[in-house]
Amino acid sequence: MTTFARRARASAGRLHPELSLVSYTLLSHLEEQGGCRATDLAAHYALDKSTVSRQVAALERADLIERRPDPEDHRVQVLHLTTAGRRILAQVTENRQAAFRERLAGWPEEDLTRFAGYLERYNAWPGDTEGGG
């Protein structure tokens, strides 16, 4: 698992030099949620608020996310992807999928089915809402 995580971090830089694995993960979550508060990101990933704050600041400087007032409560700022953020996220996602397809291209169907089952089982860890405990 350590090797798997190490390779994921290393591949993120190759897929887009300005986007770390953490940044990719945060952008993906913002896209899935249609935006959210920084405190929601911190809670979801069990990260310290200062850690998320630094990541958010870097993503804002790179013009990948922007803050908008919450329509329900104008005191609250909601993070959303910018057009550039959506474009980079789509590019990195496409590159990752291509890398997975290439890496698994020679696998027999039976191995792919078994591998997919193992990943589903691993990600269904009891009590873990994000998967993969």
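User: Which residue forms a salt bridge with Asp 40?
Analyst: Asp 40 pairs with Arg 37, and the closest N and O atoms are 2.8 Å apart. A salt bridge here is a side-chain nitrogen of Lys or Arg within 4 Å of a carboxyl oxygen of Asp or Glu. The model is predicted, so local features need pLDDT of at least 70 and side-chain atom pairs count only at pLDDT 80 or more, while totals for chains, interfaces and linings use all residues. Residues are numbered from 1 along each chain as its sequence is written, and side-chain values use heavy atoms, with hydrogens and water left out.

User: Is Asp 40 buried, exposed or partly exposed?
Analyst: Asp 40 is partly exposed, at a relative accessible area of 29%. Buried means under 20% relative accessible area and exposed means over 50%, with partly exposed in between (1.4 Å probe, protein chains only).

User: How many salt bridges does the count come to?
Analyst: The count is six. Among them is the one between Glu 66 and Arg 68, at 2.9 Å from N to O. Glu 66 has 31% relative accessibility and is therefore partly exposed; Arg 68, at 34%, is partly exposed as well.

User: And what does Arg 114 meet in a salt bridge?
Analyst: The side chain of Arg 114 meets that of Asp 111, at 2.9 Å from N to O. The two lie three residues apart in helix H6, which means that about one helical turn separates them. Helices are DSSP runs (H or I, at least four residues), numbered from the N terminus. Glu 110 joins Asp 111 and Arg 114 in a network of salt bridges.

User: Where is Leu 119 found, and which patch does it belong to?
Analyst: Leu 119 is found in helix H6, residues 109–123. Together with Trp 107 and Phe 115, Leu 119 forms a nonpolar surface patch with about 250 Å² of accessible area. Such a patch joins nonpolar side chains (Val, Leu, Ile, Met, Phe, Trp, Tyr) within 5 Å, from residues with over 30% relative accessible area and no salt bridge. Areas come from the Shrake-Rupley method with a 1.4 Å probe. Leu 119 is partly exposed, at 37% relative accessibility.

How values were computed: Patch = residues over 30% accessible without salt bridge, like charges linked within 9 Å, V, L, I, M, F, W, Y side chains within 5 Å.
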